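This briefing is meant to be read with the sequence and the coordinates open.

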Amino acid sequence: MQKSLETGAQLSKEDLIKLSDEAKNNATPSTFKIIWKEFKADKMALFSLIFLVAFIVFVIVGSMFINVSQMMQTNIMNYFAKPFTSNFLLGADAGGRPILEQLIVGSRNSILIALGLTVISSAFGICYGLISGYFGRVTDLSMQRVYDFMMIIPSFMIIIEIVNIIPNYNAITLTLLLSLFYWMGTQRLIRSQVLAESQKDYVSASKTSGSSNLKIIFKQIMPNISSLIIVDTTISFAENIGVETGLSYLGFGLPVGTPSLGTLIANANDADNITIYWWTWLPATIEIILLCLAISYIGAALRRATNSTQRRSTD
Amino acid sequence: MWKTILRRILIMIPELIILSVIVFVISKQLPGDPFTGSINPKASMSQIHHLMRINGLYDPWYQQYWNWVVSLFHGNLGNSYQYQEPVTRLIAERAVNTFWLSLLTMVMTYAIGLPMGLYAGRHEGKLQDALVRIYTYVTMSIPFFVVLVIGCWIFGYDLNLFPTNGSVSPSASGFLPVVLSKIYHMILPATLGALFATSGITQYLRSGVIDARKSNYVKTAQAKGVPMKDIYKHHIMRNAFLPIAAFAGYSIVGVLGGSLFTEQIFSYPGMGLLFLNAVNFRDYTVMTALVLLYGFLSLLGTLISDIALSVVDPRIRVE
């Protein structure tokens, strides 16, 4: 024993570097490396990612230069100003409010709400699924009854009712309210994976060696399903854009005077707008479609990256 | 088998009670009183208070809830404040429209989804499959209402192929013209709705067909020399279709959820539009009844699907 240790210590420095390099090459690459490789192999996904990031940065920075209250002021002189004119690149609506500026601020609001909603509801759904799937038995049974109940609730109608109750609400309260109703899908997915995962040997080994349940759940099981979490979060981001804009479209989303992509699309509810003044609603519609397609495409690439049999990149 | 069904129905009862309490309490919290605007504008505050007392609006909430539940079992949901009509009658009128629209949407969903899923599964990895996959990818990512708006614009206004509001043309008279006009009004919303509801069915059926094709019983049938056409007819389709048929209940839930948008965009006088109007007019009784009805229908839909799935697939039965 002593002898072998001594011979080990006699390794030259070059050998050591060479050996650790070799070990590094043979090790499974990190998740981010795999994802990056997949994006490099799929140019469309890379393009979607760049488009999405650039767009989000653009609307956030762009909206900093826009005075919202001034923008939302009615100006009858600009009633349905035509697009592609010097002051109104995308025209103006019935109140003479410029569409382009509304689009930028509205996109920022919608995207940030969707992001917030995704973060909160996914975090909650992940914890819920982890706990429900890990403990099983009575815990799982009762937690899944709550889930069943949440699934039959006509959530959209109840959200609309609650929005009418809250006297003063803003983007943050709206996000929190929506999060109450949109964690179920994530929960179900995570739970089913955790059910399978908690039967594995490493979990039993950890249990026998006395790790606490919390440690097993969050430090051992969660990293092992991280790829699933990444994919699911991306896809729910696309869905959540639809949730907020849909609510605003029906007129129960963000309060009046706060533009959202949904309120812009709601311009299409007017028969004149939808036929003659197409610029009041069409840009926002196209933007949502592009955004959602890009996010889903990124989600699809991520899903391929996490499943080694479907990767397009070659190792 | 019966245990599963019984258990499933027993679970339903507390769910329904909790749902009704939540819905009721929320409805009571809504601001504004329901008489404003519907009564003589010269009425004094004391007269309004008197009206509210008569209608039981000052009772504690549990008292009001109890009254509401009792009258619910008598088939009486109160009067709509806005229309001055019994809620049950008001909803019944609209429910017919929503029922037919939902039914047509479901029929279209299966009519589009089944062949597509089968076709994609049959030609796995080929061009046809890729096209179907692009289709499901697009329909799954874009928000539902956005496409309704675009479809309404293109086919309703621009090409002027379909009507864009109402459920029946006012000039239609006589049984057949009215029915035809109703169907004509429903085609566009139902098709657009169905295009979106198909993605789940298509994907599920596609993977079902692919799995079945690789299974041993298909290989056995092939080895016996059964022609591929018959294998599809008797082995693959049978196994892949059954779970899809059982999904019908879940589809109802989805279609109902979408009815808010469909009816708003096409000004289709169904329950969804009734709800949106009721919210704007603070018509408590209508709102409460509708949310409860939607919840109940969702419950029923999932119940049907859960039971149907446990009949079809013995693995998920509870012992």
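Predicted model: local features only at pLDDT ≥ 70, side-chain atom pairs only at ≥ 80, totals over all residues.

**Geometry of the pair**

- The axes of α6(A) and α10(A) come within 7 Å and cross at roughly 35°, and the crossing in which α6(A) passes α10(A) is right-handed.
- Helix α10 of chain A, residues 184-197, has 14 residues and reaches 20 Å from its first C-alpha to its last, which is close to the 20 Å expected at 1.5 Å a residue.

**Burial of α10(A)**

- The buried residues of α10(A) are A:Thr186, A:Gln187, A:Leu189, A:Ile190, A:Arg191, A:Val194 and A:Glu197.
- Their cover includes α6, α7, α11, α12 and α13 of chain A.

**Contact between chains A and B**

- The contact takes 33 residues from chain A and 35 residues from chain B.
- On the side of chain A that touches chain B, the elements giving two or more residues are α7, α8, α13, α15 and α16 of chain A, and α8(A) gives the most, with eight residues.
- By class, that side of chain A has 24 nonpolar, seven polar and two charged residues.

**Confidence**

- The predictor gives the complex an ipTM of 0.81 and a pTM of 0.81.
- For chain B, the mean pLDDT is 80, and 92% of its residues reach 70 or more.

Note on methods: Residues numbered from 1 in each chain as written. Chains lettered and ligands numbered in written order. Contact = placed C-beta atoms within 7 Å. Helix = DSSP H or I, 4+ residues; strand = E, 2+ residues; numbered from the N terminus. Nonpolar A, V, L, I, M, F, W, Y, C, P; charged D, E, K, R; others polar. pLDDT = per-residue confidence, 0-100. Expected span 1.5 Å × (residues − 1). Buried ≥ 20, exposed ≤ 12 C-beta atoms within 10 Å, placed from the backbone. Axes fitted to C-alpha atoms, helices over the stretch in contact; angles between N-to-C directions. Left-handed = near helix turned anticlockwise from the far one by under 90°.
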